[in-house]
Structure formats: C-alpha cells, structure tokens
Amino acid sequence: MKTVLKCGASALILAMAGAMGPVAAMAADAATQVAQVETDTVTRDNPFFHQWNTRFGVPPYDAIKPAHFKPAYERAMEAHLAEIKAITDNKDAPTFANTIDALEKSGQMLGTVARVFGSLTASNTNDQLQKIQREMAPVMAAHSNAINLNADLFARIDALYAQRDNLKLSKEQARVLERYHTEFVRAGAKLEGKDRERMATVLQRLAVLSTQFSQNVLADEKEYKLVLTSESDLAGLPEFVRAAAAQAAKERGEDGKYVITLSRSSIEPFLTFSANRALREQAWKAWVARGDNGDAQDNNAIIKEIVQLRIERANLLGYKTFAEYKLADTMAKTPQAATDLLLQVWEPAKVRAAEEKDDLAKMAASEGQNIQIEPWDWYYYAEKVRKAKYDLNEEEIKPYFQLDKMLEAVFFTANQLFGVTFHELKDVPRYHPDVKVYEVKDKKGQHVAVFYSDNFARPSKRSGAWMSSLREQEKLSGKVTPIVMNNNNFAKGAEGQPTLLSFDDASTLFHEFGHGLHGMLSNVTYPQLSGTSVLRDYVEFPAQILEHWVEQPEILRRFAVHYKTGEPIPQALLDKILAAQTFNQGFATVSFTSSALVDMAYHSLTDAKDLDPDKFERDELAKLGMPKEIVMRHRSPHFSHIFSGDGYSAGYYSYMWAEVLDADGFDAFTEAGNIFDPKLAKKLYEEVYSAGGSKDPMEAYVAFRGRAPKVDALLRNRGLLGTGARVN
Ligand SMILES: [Zn+2]
C-alpha cells in the first residue's frame, strides 16, 4: 500500500515544528574556529536565507547542502515563534484576521525547510541527512509543542470558536476555524500544569521513536542483498527479472552478478518466478523479518514504547484507547465502525483464500511436488495457476507496460477528466538525475502546478510509494501554486532498455498520481484546507478512484503498447488481464485486512507495559484465524504506516474505507457509459480534487455521487460476492 506524506505549513504547526531551549543549544555547536568558518559560509551561501530565483520558485536542489539544514531550521523556527508571539501579544480582541489569518500565514519558511528536507530524507538520503533527521526530530516536536500547547494562543482560538456563529464567516473560513479548534484540542491545548508538560514529553519521545523505527527498517532493507551467480540460482527467472537484478547488482558493486533486494518491486517478482524453493524461502524470510532480527536495528522494543506512550497520550486527552482518540476525528468516527467494515470483508476473504490455496496445492501436485503450500510458495504457484486459468503470465504482460507509456496514460487521463496538460521542464534543479519535472497547465494554458516524478528504487530511498508536496496551493498569501511530488520504487530497466511495469505497478503509478492531482488541482484560499489536508480515511479516495482508469480498455489499448514492436496490447490479452482481475484477491484481501485488524488491536490496548509485539501479533492473528500460508502485508516490526509517524496509526483501515467510496464512485462513470463523462468529471473536480479539506467528506461524496456510498461495489470488485464480476 502507499502512503501520502503531508507536511503543510498549517499541518506543520500541529504536526512538526521550536522551543527556544534546543534552538539555542544547537547554535552553541560551532565552538571551534574551523566550525565557525564553516558556519559563516553556511549562513552566507545558505539557499534558505535567500529568495529562490528558480523557475516557478522550485527548490534549488543543486545549491542545497546537508549543512544548510540546521541553520535554516533554527532561523525558521525562530521566525515562526516570533510570528506566534506577535499574535498572542496583540492587545486587540481576537478576530479571524488577527488570529486565524495570521496563524495561517505563519511558519512559511519552516514549512519550506521541512518539506525540502523531507523530500531528501525520503528519496535520496545519506548518513549526514539521517543524523540531522535524528537530531531534529525532538527539536521539531518541541517546537510543535511550544505552539500547540500555547495557552494564550489557544485562548484566542477558543474565544473565536465560541462566537463563530456571529463572526460572519465564509463557509471556508468557518471550516478553517473549526479545524484549528479541533486540532488544537486534540493536540492537548486544553491541558494544564503537569498534564501539559507530560504531553509535551510524550510527543517529543514519540517523534524520536518513530524516526528510529523508520531508519531501522531502511537499514535492514539497505543491508540485505541476495546475490545470485549460478544458473541454478537464476532458475525460472524471466529476462525482465534478470535485467532488473543485474542493474541492482551493478548499483551495489556486484557487477556481472544478479542481486535481489527487499524492495517490493525486486522481491515480489523473484518470489513469483524463482524455481529455486530454498532461495525463495531464504528471501521471503529476510523480507518478513525486516526490523525483527534481534540486532541493533530490531524494532520490537520501539513498538512497545510507542504503543504505551500513545495510550498515555489518549488517556491525557480523556480517551480510553488511542484508537478511540484517533477515530474521533475521521469519517468512521469510532473503532467499531472501522472494524465492522474490516470484518465484513475478512470472512469472505478467508473463504476465498482457502479456495485459492487448494488451487495452488493442486498445481504443485500436478508438477509432482508433494508439498504443503508455504508462504514462500504462494506467489510462485499463484503465477502458475494464473497462467493455467487465464492463460496469462506476468512475462507476457510486462512488455506492454512501459513506465514512460504508463506515465503518458496518467497524463492523458488527467487531461480527459480535468483538461490539464503536462510539459517536461529540463532546466530545473533536481536531487537525482532520475527525477523528471513537469509544468502543469490548465485548458487555457495557464500555469497550475509543478510536478516531480521520481519513479525508481535506489538504496538511498525508502520503500513504498507516496505523494508529497514541496509547496501547497493557497490564495491567502497571493496566488500560491502547488509543487507536488510522486515517488515510486520501480526496478529500473537495464541501461538502454525501457523500464517495464507489472499491472500492479501501473496501478500504483495511477494511485500516487491521484494523490498528486488532489494536491495539484487544489483551489482553496486557506493553507489549512489545501489539497490532501483532509480526514485520514478520506485521503485515499482521490488516489484509489484514479486506479480504476488504468483498468479501462480505452486506456490500455492506447498506452499498453509492446516495447519492441509498438503494437497495442492484443484484445485477447486485454480480455484475459481484465478477467484475471479478481484472481488471488482472497490472498490480497487477507494480507491487507489482517494488517488493518492488527493495527486496530495494538491501538485498542489500554495497557502495553508488558507488550511483546511478536507474541501479540501471533496471538491476534490466531484469534482471527489467519491462514498460515499468508503473512500480513506489513508485519509489525516494519509496519511504517503505523509506527513511523502518526499518519496511519489506528488508520490502516482507511484504504478499505476509501475503497468503499472509490469502487462505488467509479461505478458512476460506468453507469454513465463514459469513463470521461464530462458532467461527472466536473463534479469530481468541484467536490473532490479541487476542494481539499474545505468540505465535509461525506457531504462532498454525496454531492458528487448523488447518494450515499454502498459497500456492494467493493465486494463485487474484489470477487467476494461470488458474482464473477471484476475487481481492483
Ligand atoms: Zn495512497
């Protein structure tokens, strides 16, 4: 699954950001003469201290050095605190303008520094950046606390909120005020005395732990390489897997050999094709053991402390569990409502998975393999069953899914739906040569956004796929256009060869681009409501609904063309791909849903002092009746969605929640008989993609769809209704 990284200026106030203490302490670093000289250079040449004269104001990555970040953070935090002080020192009674507008305009430099820093630590990190990241995590948390727990500031917001009905606010202003009030209360602004201090300590410690968690996972992923040398090591691997493995080997100094890494796009094809069962077992075990190896990078103790601190955080705010606290500010509203949905798909998914397993066992037996299907056999035999049932194999599909063509396909889809066009910018600085940058224009040729597309896996990049913003759209400080980034982890094709995607990869590309459009098409006044700044279980909707377009014959016939012959995908193959869409959905649904249920179980605990994550995970899965041949999509020790940052904690269910919306929502286009139906596209733009967080999500959905969502389309698409219909 994929995550959205959000780091808005307004979200920053609440999520990240400095207490004077640590800032002052950091400034004292430059003790020696040499350090002093360096610091002077860093100050004079620091790009963060100057206006950027780049095109569209994109970050001057070519001029930014790791040493620039600490001084930039320091100055930005100081400026931010001064802005906040100006608000609280104001002798005038609080007004929307002197409090909320002022808050919305504050912290701009900090937002910029943090977003650029975040883009580098996620996509092209190094030891120096990682060290700064560890040092800055508690400093930023302290900064955040200094604002979120600022009693004078909250008193002004609270006073405005109390008289909100008499302030003659626009709809958007009313929502901004409501969001500020909610978020401040949820951050602990109403706490006093010892409780307030304790909250600050807890949040700071959590920031440190979650940074450590993700760095441990990254380290395990980076260190591992399965080196293949002999023909028996390579048995069964098709050309495209060998080519990607050869490229990975080259990048890791194993020239002439083949390397499989723990990146999903490297290991999944290996597990799918390798005929060497012992190597499959070895690779699979390393993959599911990330963060769980009993070494310095083991995450179990970190999980225990995170869960316990989250319980304490929830308790301080008057909630029994962290899940209750988290869900109170979502569409689902309660852990029960989210769990109910998960269980609604869990039972039929298990039944389907058991049927799938029987098919795999039969396939193995037919090849004379009298074996019990183990988790490292699933991908391998599933591919064979798929081939037998649908006469379809991954090797046959991949030549038709070139990355460049699929990128054209997402641009085409966006153009047909929303009229935007994409124009490559060759002359803007980037942090890695593989990154491509585009200018986005509207129907009239007006500038809309800048889009960064970073698609390849590399050792310095974290795994997964995500969208992030380098600048968020708003109109409060003039016409600010967005700069949006998509990251994927596709295995790069060999030199001179195109990068070929699996059908899943192509869906991921569309998914992240859906988040991207949510950021790029945003058309709101207030930063607080910009783009993807929406409730957590709604944020996946604009991403997931876009995935449906990659499954449409209209798109595939046009963009799925063979990389050698240029021939469009044959109708027969297309039919088979679409017919095969419900295949293996028992497995996919079980691996996803078990992760979501375990997430909810961790965060429904009322005490974690004796938590043993490995045992807890085992016990919870046993209670659920987890099939032993399937593993959670993300096992606890590398479940970054829930333990690296707060984003999806007690929130992994959000993908399924949003799937109810995307499955049901895309049906509207199917029912209209036109996947680019202009009327529907216009509503989708107005209610969803351009609206950011300015509307209540359910009201926005109903305004787009004309009625409330139904769960039927989801069950049908996953093939869990037994209707034989197709999927996602
Ligand atoms: Zn997503």
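Me: What makes the contact of arginine 179 with glutamate 183 a salt bridge?
Reply: In this predicted model, the closest N and O atoms of arginine 179 and glutamate 183 are 3.3 Å apart. The cut-off is 4 Å between a side-chain nitrogen of Lys or Arg and a carboxyl oxygen of Asp or Glu, so the pair counts as a salt bridge. Both residues lie in helix 9, 4 residues apart, about one turn of the helix.

Me: Why is arginine 179 called buried?
Reply: Arginine 179 has a relative accessible area of 9%. Buried means under 20%, so arginine 179 is buried.

Me: Which residues are joined with Arg179 into one network?
Reply: Salt bridges that share partners link Arg179, Glu183, Arg186 and Asp329.

Me: What do lysine 225 and glutamate 254 tie together?
Reply: Their side chains meet in a salt bridge of 3.1 Å, N to O. Lysine 225 is in the loop between helix 10 and strand 2, and glutamate 254 is in the loop between helix 11 and strand 3, so the pair ties together parts that are 29 residues apart in sequence.

Me: Why is lysine 225 called partly exposed, and why is glutamate 254 called buried?
Reply: Lysine 225 has 35% relative accessibility, which falls between the limits of 20% and 50%, so lysine 225 is partly exposed. Glutamate 254 has 16%, which is under 20%, so glutamate 254 is buried.

Me: What makes His511, His515 and Glu540 donors of the zinc ion?
Reply: They coordinate the zinc ion through NE2, NE2 and OE, at 2.0 to 2.1 Å. The limit for this metal is 2.8 Å, so these atoms count as donors.

Methods
Residues numbered from 1 in each chain as written. Predicted model: local features only at pLDDT ≥ 70, side-chain atom pairs only at ≥ 80, totals over all residues. Heavy atoms only, no water. Donors = N, O, S within 2.8 Å, 3.2 Å for Na, K, Ca; no water. Helix = DSSP H or I, 4+ residues; strand = E, 2+ residues; numbered from the N terminus. Buried < 20%, exposed > 50% of the residue type's maximum accessible area, 1.4 Å probe, protein only.
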